[in-house]
Amino acid sequence: MEDLSMFVPKVHFEQIPIKNLVSNQEYQRNLSASHIRRTAENFDLYQINPVKVSRRSGINYVFNGQHTIEIVATVSGSRDTPVWCMIYDELDYVQEADIFANQQKYIRPLLPYEIFMANVEAGNDDQLIIKSLVESYGLSITSNKVPGGICAVATLGYIYQKYGFHVLDRTLRLCIGTWEGDVNSLSSNMLKGIAHLVVAFGENLRDDIFKDKVGGFSSREIGRTAKERKAGSLGYAEAMLIAYNKRMKAALKWSKLYTNKFGVPDENEEDMDFADEDDGGA
């Protein structure tokens with residue numbers, strides 16, 4: 001029988017109290033207090049991974065999982081709380097550092113679409129609501145840029161989480177009503193740009209005027225103007241505001257675009273769709 005042991009790491013598992021774990025090696029990154037606090041506030045027992053431990057001279061050195069143990073300690077309120085550990089007995093310090101440095105090298109991160117659809121399958125309310133809203137406009141959520149599909153998945157979640165259902169609904173309504181679902185109009189920057197306008201101007205932003213005046217420009221033309229104005233979604237918001245205000249006696253005030261009840265938009269805010277982002281430009 002073929003010996004496959006060379007493909008199985010030489011480890012064993014133990015539950016070890018957090019107080020008996022050491023995680024201050026020089027090669028490790030600094031602990032992020034904000035990450036620990038945020039994850040502790042949304043603690044999920046099923047998301048805890050085993051902590052990787054190198055046992056040297058009877059001391060348990062954590063080389064993967066330092067944030068995990070701090071999160072568990074925060075939630076439980078005790079460093080006596082045990083965590084499952086995957087223990088290596090034959091590593092030295094240099095090997096630990098090398099494993100730590102390269103542990104993410106060949107890991108493929110989940111894409112926003114994959115995360116979204118997994119949440120749909122799990123029956124999570126936010127994603128089900130967003131999916132239903134998109135489909136109510138005759139569109140679908142997709143992983144790639146296709147006619148009738150929105151692939152700016154993370155942006156849909158961003159608008160919904162930050163501004164709420166009604167802002168996302170109106171954003172989609174304006175976008176689809178203006179460009180009739182043109183695939184270039186459904187980009188992350190365009191959707192977030194419209195959301196900025198909706199939040200800043202509320203009912204003073206007239207849907208009929210928006211569709212008539214902003215719709216006089218193609219989504220690609222809006223994208224080209226946006227690139228000349230400012231990077232990211234605020235450039236799109238400015239480009240659409242220029243089109244909306246053209247020859248208007250009672251133009252919308254520019255200052256309100258940057259002062260609204262949700263706070264001043266971050267001009268350097270990153271758009272959130274990594275693999276499928278399209279700025280609707282060229």
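Is C151 buried or exposed in this predicted model? C151 is buried, with a relative accessible area of 9%.

View 1. Searching the whole structure turns up zero disulfides. C151 belongs to none, and the nearest cysteine sulfur to its own is that of C175, 12 Å away. Like C151, C175 counts as buried, here at 0% relative accessibility.

**View 2. F63 and Y88, an edge-to-face pair of rings.** How many aromatic pairs does the model hold? The count comes to two. In this one, the ring centres of F63 and Y88 are 5.6 Å apart and the planes stand at 65 degrees; planes over 60 degrees apart count as edge-to-face, so this pair gets that name. F63 is part of strand 4 (residues 59-64) and Y88 is part of strand 5 (residues 82-88), so the pair ties together parts 25 residues apart in sequence.

**View 3. W179 and F210, another edge-to-face pair.** Here the ring centres lie 6.4 Å apart and the planes are at 85 degrees, so W179 and F210 are edge-to-face. This time the partners sit in helices: W179 in helix 7 (residues 165-179) and F210 in helix 9 (residues 207-213). The pair therefore ties together parts that are 31 residues apart in sequence. Both W179 and F210 are buried.

**View 4. Charges over the rings of Y61 and Y158.** Find Y61, and you will see the charged end of R56 over its ring, 4.0 Å from the centre. Now find Y158: K192 lies over its face, 4.3 Å from the ring centre.

**View 5. Helix 2 and what it packs against.** Helix 2 covers residues 66-76, and its buried residues are Q66, H67, I69, E70, I71, V72 and A73. Which elements do they pack against? The partners are strand 2 (21-22), helix 1 (33-41), strand 3 (51-56), strand 4 and strand 5. A handy idea while you look along a helix: an α-helix has 3.6 residues a turn, so residues three or four places apart point the same way. Just after helix 2 comes G77, with a positive phi of about 75 degrees.

**View 6. Helix 6 crossing helix 7.** The axes of helix 6 (residues 153-163) and helix 7 come within 7 Å and cross at roughly 135 degrees. That angle makes helix 6 oblique to helix 7. On the helix 6 side, L156, I159, Y160 and Y163 take part, and they meet F165, V167, L168, T171 and L172 of helix 7.

**View 7. Helix 4 crossing helix 5.** Helix 4 (residues 112-121) and helix 5 (residues 125-136) have axes that come within 8 Å and cross at roughly 105 degrees. This makes helix 4 roughly perpendicular to helix 5. Helix 4 brings F116, N119 and V120 to the contact, while helix 5 brings Q127, L128, I130 and K131.

How values were computed: Residues are numbered from 1 along each chain as its sequence is written. This is a predicted model: local features need pLDDT of at least 70, side-chain atom pairs count only at pLDDT 80 or more; totals for chains, interfaces and linings use all residues. Side-chain values use heavy atoms; hydrogens and water are left out. Rings of Phe, Tyr and Trp (its six-membered ring) pair if their centres lie within 6.5 Å; planes under 30 degrees apart count as stacked, over 60 as edge-to-face and the rest as tilted. Helices (H or I, at least four residues) and strands (E, at least two) are DSSP runs, numbered from the N terminus. Buried means under 20% relative accessible area, exposed over 50%, partly exposed in between (1.4 Å probe, protein chains only). A charge sits over a ring if NZ of Lys or CZ of Arg is within 6 Å of the ring centre and within 35 degrees of the ring normal. Contact means heavy atoms within 4.5 Å. A disulfide is a pair of cysteine sulfur atoms within 2.5 Å. Axes are lines fitted to C-alpha atoms, for helices over the stretch in contact, and angles run from 0 to 180 degrees between N-to-C directions. Angles under 35 degrees count as roughly parallel, over 145 as roughly antiparallel, 65 to 115 as roughly perpendicular and the rest as oblique.
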